[in-house]
Structure formats: C-alpha cells, structure tokens
Amino acid sequence: MKNASVEVTEKIRQQFDFGPYPRVPVNKSPKEEANLLFIHNLVTPYYLRNQKVISTEGKVILDAGCGTGYKSLVLAEANPGAQIVGVDLSAKSVELARERLKYHGFENAQFEVLGIEDLLSLGLEFDYINCDEVLYLFPDPAIGLQAMKSVLKPEGIIRANLHSSLQRVSYFRAQQVFQIMGLFDSNPEELEIGLLQEVMKALKDGVALKAQTWRPELEREDAQDEILMNFLFQGDKGYTISEMFTAIQEADLEFSSMTNWRQWSLLDLFKQPDDLPAFLGLSLPGASAEEQLCLFELLHPVHRLLDFWCAHPSQNSFVAPVAEWEPSDWVQVQVHLHPQLLTAKVKEAFMESLREQKPLDLRAYLSAPTKASVFVDTLAVSCLLALQDGPQAFTTLAERWLQLRPRDLITLESITLEMAFVELQQLLTRLDIFLCVLLDVS
C-alpha cells in the first residue's frame, strides 16, 4: 500500500497467510443464499443508481482483496456470464481462491497475488469492484478508493466498507490492551491466541471489556478466525459516516447508497415516524443523505460495517422517483423480476400460492431489501408469474391484470384498462421499493 508502513503491510500479509480468510469449505455453494447473491449482483446497485436493468453477460468484475475466494464465488454465481478477477496480498489465500472457483466450474476467473495499489498493472477496466473487509486496513481509505477508481469503467460501481469506530469501540479497546501486553509485536499465531484466551478467561465476568466482547465459545480451539479478525487484527481501524464521506469525496467518487440501505432508515428509529416532533418533521426532509446517515449512526450505532456503493460522479440526467411518474412514463416501462427471484424455488412458490389461493410473502425468498413482510395477493402473484419467463411491457401486464380481474369485486361493474393501469401502478410502485420488481425506463 503506497504511503503505508511496510512493516504493517507485511504483518497483514503474514496474518492472512497464517489464517487465510474466510475459512469456508471449498465445496460450499452460495446458490441458496438469496440475500448474499442479491447484494453482490451488479443489477442491484446499478438499478438503484440509474433506474435501469443491466445484463451481467460479458461484464468484468474485480474482487479486490479476495481472500480465499468465497465472495469471488458469490460474485460468479450472482453475475452469470461475467469474468471474475481476484487479487490479494496473501499467496495462500489466492491459491485457495483459484481452487474454489475451479471446483465450482467457473473457468472465466483469474487470481493474482497483487496489492490494490498495483491494480493498473492488470491492464483491465472493471464494471464492478467488490472490496470487502479491506479498505479499513489502508492508512487512508481514500488511497484504496483512488486505486480502484483508476481501473473503474465510466459507468462502473465500487462496493467497499469500513469498520465502524462507534459500533466496534470495545474491540478497538481490546486491541489496545493486547498491544500493550505485546501480543502484536510479532504476527499473532497460536501462541498469541492462546495467551489472549487465558487473559480473557481470567477476567471477572463483570469487567466491562469482557462483558462487551467475550463469549464462552471464544475459548474453544476453533475460535481462531474470530479472535484474529477482532482482538488481534493487524492494521484494524474504525471510521465514522462523516469520515466515510470524506474518503469518497477525496477519491473524487460519488456516494450512491449503503448496501443494506433499508437498515439505515432514520425514520425507523422513531415510534411514530408519521407523527414526529415538529422540529424534526420540518428539518429531516431537507437533510442530506450524509446528514441522515450521521444522525442514524450517532443515535443507533449497531452496524459493524459502514458498507456502501460509490461510483464516478454522475453525468446522468435526473430520474424521477417511481412514485412521481406520469402515466406517459409508465407506458414506456419494461417490468423485470429481480434476478434473485428468477429461481425454480420462487416459481414453485408462485404456483403453490395460486393453487391454494393464498397470499404470498416475498420476504420469505428475498429479505435483504426489507425488514417487514411483503405480502402480495393471488392477482399480483399471477402477474408476477408472467415475469418468470422474462421481462414484460407494463402495458402487456396491465392487459393481463384486466383479464384476471375484469370486474370490481364490490360493485361487479366492468374494470376499464385505465383502472387496471392505476391498480398495477400501485402494486409495482410498492414492490419497486423493495426491489422485488425492477422498472426499466430505458
């Protein structure tokens, strides 16, 4: 890492050679991990940023700091037809990553022992860069972001994260304790892990640091990974939301959104979000994304990672929120199901809902973008079922809606196509919030 301490960088490399991370069995597949695939599918951040659906075929995706390659495998599974490139400082980790992708049949993947600051030497540009659990190891996160920006295509997107200094404050205290005790002087291995376990076991249960960080299972021999990645993590640092935005701006990048954006909703922290105190009701709507995220973090620092998407400063024209679209906008829309709902399991759930005439909770199959149930009735399910065979024009879906429900269930009067348009718009607007459907305006 440029401008980083060579000694610290070497200790980080040694730590991951000793304990390659993550220690996920090579044969483990993420195919059933819908939420993980949802986050790592390029379609998700691209749609959030541009209100357009992108094909992953032929895209070039970088896993920067790939470790043992499990996230590289997730990226390959989530983005059919993409080329996967992984880089990492640890040669042992890269060897395991190659083995993992080969085991699962992904031939269009390459891995290099390389630092993020040397990405230009690959001679490639990327549509998407995933940098997971790495950026906080740089002396300045803007350095890592600038290196990734240098190989990012004009419409490319970066996903990166930083440790939260507020949520992890107890672990940073623990690291200071064990630095004073000398457990960081050499690269922590079995000896240092054992000594740490002895110290933590010896403390009274009421001691604050132990109460805040320690669990009985950390005393087992197989707790090595968690201890190394929390208590004995070389180069670990924490940041605030304000510092995250500063790093993005210093790298001349633009914040897009948090990757788990629904879990950062400031209004969700209030008992009655529709009836806020007058001061908040007037001030919050005008607050910037940074201000709202800062307030959330200060009020409720529960997220270990400040996990975000960013990109080159936008040159695109403003796209109005779906709720503000005019009827003429809807006529041009192509409706897609999110790729993680295009599975045999979900299709069968649709069919079962229709056979049994029961509402379906989409959150059971894709919970990452929502914290509550997302129920749809059988009329909606029947329309969504048509999307399993591919995207449909909004007008085509509206005609299907009219065929399925030609009459008002109360008055028994005939439903007009215009009325079907309005009812379908209301459904799709609600489902778009949770990215169950994607409304492409291109």
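Visitor: Is R159 buried or exposed, and what is its relative accessible area?

Guide: Buried means under 20% relative accessible area, exposed over 50% and partly exposed in between, with a 1.4 Å probe and protein chains only. R159 falls in the buried class, because its relative accessible area is 5%.

Visitor: What kind of model is this, and how are residues numbered?

Guide: Residues are numbered from 1 along each chain as its sequence is written, and side-chain values use heavy atoms, with hydrogens and water left out. This is a predicted model, in which local features need pLDDT of at least 70, side-chain atom pairs count only at pLDDT 80 or more, and totals for chains, interfaces and linings use all residues.

Visitor: Which residue meets R159 in a salt bridge of 3.5 Å?

Guide: A salt bridge is a side-chain nitrogen of Lys or Arg within 4 Å of a carboxyl oxygen of Asp or Glu. R159 sits in strand β5 (residues 152-164), and its partner, 27 residues apart, is in the loop between β4 (126-131) and α6 (141-149); strands (E, at least two residues) and helices (H or I, at least four) are DSSP runs, numbered from the N terminus. At 3.5 Å, N to O, the residue is D132.

Visitor: How far apart are the closest N and O atoms of R159 and D307?

Guide: The two residues form a salt bridge, and both R159 and D307 are buried. R159 lies in strand β5 and D307 in strand β8 (residues 305-311), so the pair ties together parts that are 148 residues apart in sequence. The closest N and O atoms of R159 and D307 are apart by 2.6 Å.

Visitor: Which residues are linked with R159 in a network of salt bridges?

Guide: R159 has a salt bridge with D132 and one with D307. The network of salt bridges links R159 with K71, D132 and D307.

Visitor: Which residue forms a salt bridge with D252?

Guide: D252 lies in the loop between α11 (241-250) and β7 (254-258), and its partner in helix α6, so the pair ties together parts that are 103 residues apart in sequence. D252 counts as partly exposed because its relative accessibility is 43%. With the closest N and O atoms 3.1 Å apart, the partner is K149.
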